[in-house]
Amino acid sequence: MEQIIQTVLETGLEKPVRILHATDVHLVEYAAEDPVEQQEHMIARREVFRKEANFPPHTQNEYFEEAFRMAEEQDALMVVTGDVMDINCKGNWKEFHRIADGHDFMFTPGSHEFAKFCRTPKEDFPAYYAQARPQVEAAFPNIKFRFDSRVVGGLNVVTIDNSEDYFREQEFEALKKEAEKGLPMVLFMHEPLHDHGLLRIATPNPVLRRTAEEYRINDEMISFIGRCPLILATFAGHWHGQTEAVAPFGAKVYVTPGLFKGIVRMIEVR
Ligand SMILES: [Fe+2]
């Protein structure tokens, strides 16, 4: 690994709990059965990530393997916040399975998991997404894509899908249920809580626009996360760089860089 960012949170646990946060792996593999356009796209995208990562000594595949090893050696729970696969193709499915199968980890998806190309035209996206999402979910039956939680040493670790630029009502209800457990929580999601997409600072694309009611629930969820005293911090990826910030309504946000750069975050909750 090229860099391990250390983050310590204090909440008074009996014994410290370690979490390894990895995000935005961006596997760029293809298989013979993938359409030629996707195969060519994956070859072109390899260079994009090599360059964005400033030509690191290892591939994203190797860093992904190393992250699993590191989590196991250091007794840390591995949590992966999406964009593991740069696009939805069989080559990436196989590589994700090859590296991750047999390991214990939590996962929440990014937008890339369900995309035909890295920039699927916005107007094509809804129709493609509608058929791709169930296929991808079926290909990884051990993963709870929308929402998952696990209590480790008195800490409640929660993953929430916000890869579509908003929080759905179902996940808001699930989070409120988690809060009823009364345990300190850390939340993991793909998009940082103060992302322009989630907050709609940029003009929403008319094709992907949600209903006013959906946006109201999304905003209420962001406000709930900020106000809930049990939530110690939120962790995200998506931006590929490192940021710490306070989101509107007061939630602490840690953004972890892309694993394709050889960077992970080791979180210790005490
Ligand atoms: Fe990404």
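**Reading the metal site, a helix and a sheet**

Reply: This is a predicted model. Along the chain, the donors of the iron ion are spaced as D-x1-H-x56-D-x156-H.

Me: Which residues coordinate the iron ion, and through which atoms?

Reply: The donors are Asp24 (OD), His26 (NE2), Asp83 (OD) and His240 (NE2), at 2.0 to 2.3 Å. Of these, Asp24 and His26 are buried.

Me: Why is the arrangement around the iron ion irregular?

Reply: Ideal angles are 109.5 degrees for four tetrahedral donors. Four donors count as tetrahedral if all angles lie between 85 and 135 degrees. Here the four donor atoms subtend angles of 90 to 171°, and the arrangement is therefore irregular.

Me: Which residues of α1 are buried, and what covers them?

Reply: Helix α1 covers residues 36–52 and spans 25 Å from its first C-alpha to its last, close to the expected 24 Å. Its buried residues are Gln38, Gln39, His41, Met42, Arg45 and Phe49. Their cover includes α2 (60–73), α3 (90–100) and α4 (125–139). After α1 comes Asn54, with a positive phi near 60°.

Me: In what order do the six strands of the open sheet lie?

Reply: The order is β5-β6-β7-β8-β10-β9, with mixed pairing. β5 (147–152) and β9 (243–246) each have a single partner strand, so one side of each lacks a neighbour in the sheet. On average, neighbouring strands of this sheet are turned by 20° against each other, direction ignored.

Me: How many bridges join β5 to β6?

Reply: Six bridges join these antiparallel strands, β6 being residues 155–160. Asp148 has Thr159 as its bridge partner in β6.

Terms used: Residues numbered from 1 in each chain as written. Predicted model: local features only at pLDDT ≥ 70, side-chain atom pairs only at ≥ 80, totals over all residues. Heavy atoms only, no water. Donors = N, O, S within 2.8 Å, 3.2 Å for Na, K, Ca; no water. Tetrahedral: all angles 85-135°; square planar, octahedral: opposite > 155°, others 65-115°. Buried < 20%, exposed > 50% of the residue type's maximum accessible area, 1.4 Å probe, protein only. Helix = DSSP H or I, 4+ residues; strand = E, 2+ residues; numbered from the N terminus. Expected span 1.5 Å × (residues − 1). Contact = heavy atoms within 4.5 Å. Pairing = 2+ DSSP bridges. Axes fitted to C-alpha atoms, helices over the stretch in contact; angles between N-to-C directions.
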